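Dear colleague,

Please find below the structure for your records.

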Amino acid sequence: MITVTKLVKRFGYKTILRGVDFEVQPGEFVALLGPNGAGKTTFLRILASLARPSLGEVKVAGYKLPSEAAQVRARLGVVSHLPLLYGDLTAEENLRFYAQMYGLTNYRSRITEVLEMIGLETRRRDLVRTFSRGMQQRLAIGRAVLHDPQIMLFDEPYTGLDQDASTMLDDVLKTVAAQGRTVVMTSHDLARAEALATRFDILSRGVIAASAARKQLKKSNLLAFYKQALAG
Ligand SMILES: Nc1ncnc2c1ncn2[C@@H]1O[C@H](COP(=O)(O)OP(=O)(O)OP(=O)(O)O)[C@@H](O)[C@H]1O
Ligand SMILES: [Mg+2]
């Protein structure tokens with residue numbers, strides 16, 4: 001589903017990604033972990049075609065990036081730091097805009113379903129710029145899953161969510177995983193990552209420093225594995 005070979009990303013003279021090799025099979029749920037500044041967001045932005053690689057090959061859903069970005073985007077759902085929402089549109093109008101962009105037909109019922117799922121049905125006619133941060137994050141999650149994409153990229157999706165919304169997101173992620181969707185999620189919440197992911201990759205010093213399948217890790221051992229990968 002995702003194949004990354006020798007990916008390098010530079011910002012000016014700083015090299016953030018130093019030859020990342022990364023492969024995700026259909027139906028895998030990869031937790032991408034690593035310290036602040038490791039390059040997780042940079043990496044996900046490249047996978048989402050929101051940033052360009054400096055060097056290396058990136059293939060998502062069988063399409064090359066950056067040259068086939070339109071095909072990739074149609075198959076992706078993304079939750080990023082920038083919520084990709086329009087402040088001067090209502091919640092409902094934002095979802096309608098994306099539904100049309102994704103070419104969904106009969107999207108009215110799907111939009112209502114998503115608004116109920118994210119708990120914003122009573123605020124559907126309010127402008128997004130009047131939303132609290134957590135409400136914007138809820139809508140960003142709704143936007144990402146709206147078109148039921150094959151691949152979902154979630155960058156710290158729990159940030160800013162209250163208890164109810166976090167539980168909602170747990171359920172959303174469990175559901176998409178059960179449906180065989182492919183997920184890559186960054187998080188600093190190791191307990192949550194451990195509960196959801198089938199594989200744990202540690203990004204450190206510009207490369208994937210360690211990777212373990214859930215089966216390889218003993219229960220509640222993710223923290224030890226993480227620390228060892230950073231020390232190594
Ligand atoms: N547009 C940019 N221009 C210059 N440097 C950048 C840019 N975007 C990111 N960086 C740098 O790249 C490095 C990695 O940043 P990134 O946001 O990818 O880290 P991260 O692993 O997501 O961290 P966090 O856990 O804090 O979210 C940082 O040193 C950051 O300053
Ligand atoms: Mg980040």
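A charge is taken to sit over a ring if NZ of Lys or CZ of Arg is within 6 Å of the ring centre and within 35 degrees of the ring normal. By this criterion, arginine 199 lies over the face of phenylalanine 22, at 5.6 Å from the ring centre. The charged end of arginine 143 likewise sits over the ring of tyrosine 98, 4.8 Å from its centre.

Please note that this is a predicted model, in which local features need pLDDT of at least 70 and side-chain atom pairs count only at pLDDT 80 or more, while totals for chains, interfaces and linings use all residues. Residues are numbered from 1 along each chain as its sequence is written, chains are lettered from A and ligands numbered from 1 in the order in which they are written, and side-chain values use heavy atoms, with hydrogens and water left out.

The protein has 8 helices and 10 strands (DSSP runs numbered from the N terminus, helices being H or I of at least four residues and strands E of at least two). Of its 232 residues, 48% count as buried (under 20% relative accessible area, with exposed over 50% and partly exposed in between; 1.4 Å probe, protein chains only).

Nonpolar cores are sets of buried Ala, Val, Leu, Ile, Met, Phe, Trp, Tyr and Cys residues joined through side-chain atoms within 4.5 Å. The largest has 48 residues, and Leu33, Leu139, Phe154 and Leu173 have the most contacts inside it. Helix H6 (residues 163-178) contributes the largest share of this core, 6 residues. Apart from it lies another core of 28 residues, including Val24 and Val72.

Aspartate 170 also lies in helix H6 and, at 14% relative accessibility, counts as buried. Leaving aside neighbours within four places in sequence, aspartate 170 is in contact (heavy atoms within 4.5 Å) with Tyr158, Arg192 and Leu196.

The whole structure holds 5 aromatic pairs (rings of Phe, Tyr and Trp, the last by its six-membered ring, with centres within 6.5 Å; planes under 30 degrees apart are stacked, over 60 edge-to-face and the rest tilted). Tyrosine 86 and phenylalanine 97 form an edge-to-face pair, 5.1 Å centre to centre with 70° between the planes. Tyrosine 86 lies in the loop between strand E6 (76-79) and helix H3 (91-101) and phenylalanine 97 in helix H3, so the pair ties together parts that are 11 residues apart in sequence. Ring pairs link Tyr86, Phe97, Tyr98 and Tyr102 into a cluster.

Yours sincerely
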